[in-house]
Amino acid sequence: MLNIYYGNMPEAVFNTSVYFKNVYEDEWITDPVAREMILDVDKSIVLDSAVIDSPVMGKIPPVSLSGGVKTLILMKNERSKVFNASACGDNCAGWILRLARMDELTINLRHLMDFGEGTFDICILNTNQIVHSMRELVPIAGLYV
Amino acid sequence: MKGMHRIIVQNKRIRYDFEIRRNITMIRGDSATGKTALIDMVREHYENGEASGVELTCDKECAVLEGRTWSGQLSMIQDSIVFIDEGNEFVMSDDFASAISDTDNYYVIVTREGVPSLPYSVDEIYGIRNSGKYGTLKRTYNEFYRLYQVSDYDQAVKPERVITEDSNAGFQFFENVCRENGRIACFSAHGKSNIFTVIVKSPDEKTLVIADGAAFGSEMEKLMRLIKNHPNIVLYLPESFEWLILKSGLIEDGSVAEILEHPENHIESEKYFSWERYFTTKLVQSTQDSYLKYAKRQLNPAYLQEKVSDRILAVMKGIDLR
């Protein structure tokens, strides 16, 4: 299940890039799911735990990944924390749903991320309502962002 | 600052080339499109100049604002284009909005949040469009006659209700037009931030929302997400009601046409936080000695005369309120 708190959430990690830089571990980068996320969102290939091959920027360290992918990696590896998922673009939405299918996931959103045309199970924590489509989600979540 | 400014920033791997023309430009969009890379390059050039290896070409200085000391940094930046990356929570604060409201800088802000405290235009929300190693800005919301979410341009929009952001002269004008029509309900949302709340109460009515596009940027994402599933809702976003009057040709002022053609060349950001304030001032000044003397609080009844109101409504192409 994906739980989302919409709007300002003081206990959430707001600047996910700074947090990532200071806490990430080598295994997080070489993990098969992280490799997939990095390839899908950043179009980049993990060469090893310290080097990623970006089609535009060349060989880059993990801290130079996109803010969206860094936040996805944090969500996967630090489930006890709530991260500001507004650091992620809509091209990360599918991955957030996938991570939530693996295990319970709670995120903070300060904008209306597009979770696509399909169905899903999302609990909007502001009202404790479960929604299954963007048609159901937007009228509720839009009141809080 | 006024005018349009072109910015070219490049290093050996990537080049950005774009123009900005208002005091606030928002950049958002998918992850990994190069938003942070752009800010990083501007920062490196700002800190180290040509020695950074970044080439930056612009007729104004480009600076980066960030961190807890943003207020102090801002006090030392004048007549510049100021870039702010996401992750800087101060952007959402009223203090920030207040601090930049009377500065002579332009601001380019990366954030996906709406930031209702900042009066930015629906026309100045961009994503980065990449083609290989070249990046430019692509407008997020494309308008057709300033109508948004209209799929069939051949048929005029005939709403059952009109919701205005305005509660003053603009509302009084449209309320009168709708009352004369007899079939259209018209009411004010009393501010841009209330429009979403009003619409979701009955989202299936044929609704026309009329709001000031010059400052409506913060509301666009959630409204566009809502109306994606409710095509009966249409947004009409002129710069402002006063812009509509100026555009109608009713005002005998030779400077108006040029101003409307290139507002950016006339509107000083230090004086006008958003363009609709300028258009109000311009309209008040241009009509002060005429029968169309304009006041924002109370609509001059002259604007309700049929021959006058028809001229204003004629500007609203694609909309039928008669």
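Visitor: Which residues line the largest cavity?

Guide: A cavity is a set of points, on a 1 Å grid over the protein atoms alone, where a 1.4 Å probe fits but cannot get out, and lining residues have an atom within 4 Å of a point. In this predicted model, the largest cavity is lined by T164(B), E165(B), D166(B), G170(B), F171(B), F174(B), I210(B), A211(B), D212(B), P238(B), S240(B) and F241(B).

Visitor: How many cavities does the structure hold, and how much space lies in the largest cavity?

Guide: Grid points are joined across faces, edges and corners, and a volume is the space filled by probe spheres set on the points. Three cavities reach 30 Å³ or more; the largest cavity has about 70 Å³ of space.

Visitor: What conventions apply?

Guide: Residues are numbered from 1 along each chain as its sequence is written, and chains are lettered from A and ligands numbered from 1 in the order in which they are written. The model is predicted, local features need pLDDT of at least 70, side-chain atom pairs count only at pLDDT 80 or more, totals for chains, interfaces and linings use all residues, and side-chain values use heavy atoms, with hydrogens and water left out.

Visitor: How is chain B divided into domains?

Guide: Domain bounds come from an automatic or database domain assignment. Domain 1 of chain B spans 5-139 and domain 2 spans 147-315; their C-alpha centres are 29 Å apart. Counting contact as heavy atoms within 4.5 Å, 23 residues of domain 1 of chain B and 22 residues of domain 2 of chain B take part.

Visitor: What area is buried between domain 1 and domain 2 of chain B?

Guide: The size of an interface is often given as the accessible area lost when the parts come together. Buried area here uses a 1.4 Å probe and is summed over both parts. Between the two domains of chain B it is about 1,800 Å², with 53% from carbon and sulfur atoms. R22(B), P119(B) and V122(B) supply 32% of what domain 1 of chain B buries there, more than any other three residues.

Visitor: How many salt bridges link domain 1 and domain 2 of chain B?

Guide: A salt bridge needs a side-chain nitrogen of Lys or Arg within 4 Å of a carboxyl oxygen of Asp or Glu. The count between these domains is two. R21(B) and E264(B) form a salt bridge at 3.2 Å, N to O.

Visitor: What about chain B and chain A?

Guide: Chain B puts 26 residues in contact with 31 residues of chain A. Together the chains bury about 2,300 Å², 54% of it on carbon and sulfur atoms. Six salt bridges cross this interface. R225(B) pairs with D114(A) in a salt bridge, with the closest N and O atoms 3.8 Å apart.

Methods: On a 1 Å grid over the protein atoms alone, a cavity is a set of points where a 1.4 Å probe fits but cannot get out, and a pocket is an open set with protein on both sides within 12 Å along at least five of seven lines; lining residues have an atom within 4 Å of a point.
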